[in-house]
Amino acid sequence: MTLAPGRFAEPVTFARVARRPRWIAALVLALALAAGFAWLGQWQLGRSVASTATSGPKTEKVVPLTSFAKTGTTFRDDQLGRMASVDAQLVPGDWVLLSERLNGDRQGWWLVGHAVTTDGDELAVALGWAPTRAAARAAEATAAIPTPLVGRYLPSEAPDGPKAEKGVQSAASVAAFINQWAHFTGHVYPGYLVSHSAPEGLTRIDSPRPIPPDAVNWLNLFYAIEWAVFAGFAIYLWYRLVRDVVEHENESLEQVE
C-alpha cells in the first residue's frame, strides 16, 4: 500500500467495517439467530410455569380413601392432604395421646384412635384436639366417628424414638401406633386421617389444605436462561468478529506507515 508523501491513512473505524455488505449480512444472520433463541427462551419460560400450574390433585374434593390409597404400600406425594371418606369403626381402648400438637397457635394434645374399615383394613385417625392431657383422656369414654368418616389424609411422621418409651409421644407415627394397638391384623394404611369433625369434648383439628408445590419448574427455567444467553452471544459474536477486523486492519496501516 503506497501513500502520497505527507499523507497518513485514516484509521479504520468500527462503523466503516460494520457497513460493509458481508458484515451487514452477518448482522442480519446474528439477529435472526438471537430472535430464534429469544423465542425458544420465552417458550421454555412459559413451560416452566404451566407444567406445574396444572399438576397435582384437587385435594378438597372428598373421594373414597380406597380410590387413591391402599394398605401395605408407601405414601405417595400425590396423596398428600387429600380429603377422603371411609366407612370404619373405632376399636375400643386403642387410644394414643400425642403431646405438643399445635392447633392454630395453641399447643395441646391429640386423641388418636384405631379404626377398622368395613373391608377389614386398619387406619389411624386423629380424632380431635384438647388443651390438656386430662381433657383429651376424658374424651376417650365417649369418642365416636361418623359414618362415613371424612378427613384429610396425611403421611406418617417419624417416630419419637427414646421419648416414646417414657410414655411421652408427640409424633403421629403409624409405625409407633401399631406397636401400641392391642388389636392389629397387619393390613394398615401408610398414612393417617385427620377427622374433619371432632367428638364431644374435643376441638376439631386444624388441617388446612396443603401448600401447592412451587409453580416453577426450575429445570425449564434454567433452559430459558440458557436460550437468553445464546441470544446475547449471537450478537456479541458478530460484534467481536467486526472488532477483530478493525484491529487487524489498523495494525496493517501502522506497519505501512
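Which strands each supply at least two residues of the lining of the second largest pocket? They are β3 (88-103), β6 (149-155) and β7 (188-195). Strands here are DSSP runs of E with at least two residues, helices are runs of H or I with at least four, and both are numbered from the N terminus.

Before I continue, a note on the basis of these values. This is a predicted model, in which local features need pLDDT of at least 70 and side-chain atom pairs count only at pLDDT 80 or more, while totals for chains, interfaces and linings use all residues. Residues are numbered from 1 along each chain as its sequence is written, and side-chain values use heavy atoms, with hydrogens and water left out.

Let me return to the pocket. Its volume is about 220 Å³. A pocket is an open set of points on a 1 Å grid over the protein atoms alone, where a 1.4 Å probe fits, with protein on both sides within 12 Å along at least five of seven lines; lining residues have an atom within 4 Å of a point. The volume is the space filled by probe spheres set on the points, which are joined across faces, edges and corners. Of the 15 lining residues, Leu-154, Tyr-192, Asp-206, Ser-207 and Pro-208 are the closest to the centre. By class, the lining has nine nonpolar, two polar and four charged residues. Nonpolar covers Ala, Val, Leu, Ile, Met, Phe, Trp, Tyr, Cys and Pro, charged covers Asp, Glu, Lys and Arg, and the others, Gly among them, are polar.

I turn now to the salt bridges, of which the structure holds eight. The criterion is a side-chain nitrogen of Lys or Arg within 4 Å of a carboxyl oxygen of Asp or Glu. One of them joins Glu-60 and Arg-209, at 4.0 Å from N to O. Glu-60 lies in the loop between α2 (21-53) and β1 (63-64), and Arg-209 in the loop between β7 and α6 (218-256), so this pair ties together parts 149 residues apart in sequence. Glu-60 is partly exposed at 33% relative accessibility, whereas Arg-209 is exposed at 55%. On this scale, buried means under 20% relative accessible area, exposed over 50%, and partly exposed in between (1.4 Å probe, protein chains only).

A further pair is Asp-244 and Arg-240, with the closest N and O atoms 3.0 Å apart. Both residues lie in helix α6, four residues apart, about one turn of the helix. Finally, salt bridges that share partners join Glu-60, Arg-152 and Arg-209 into one network.
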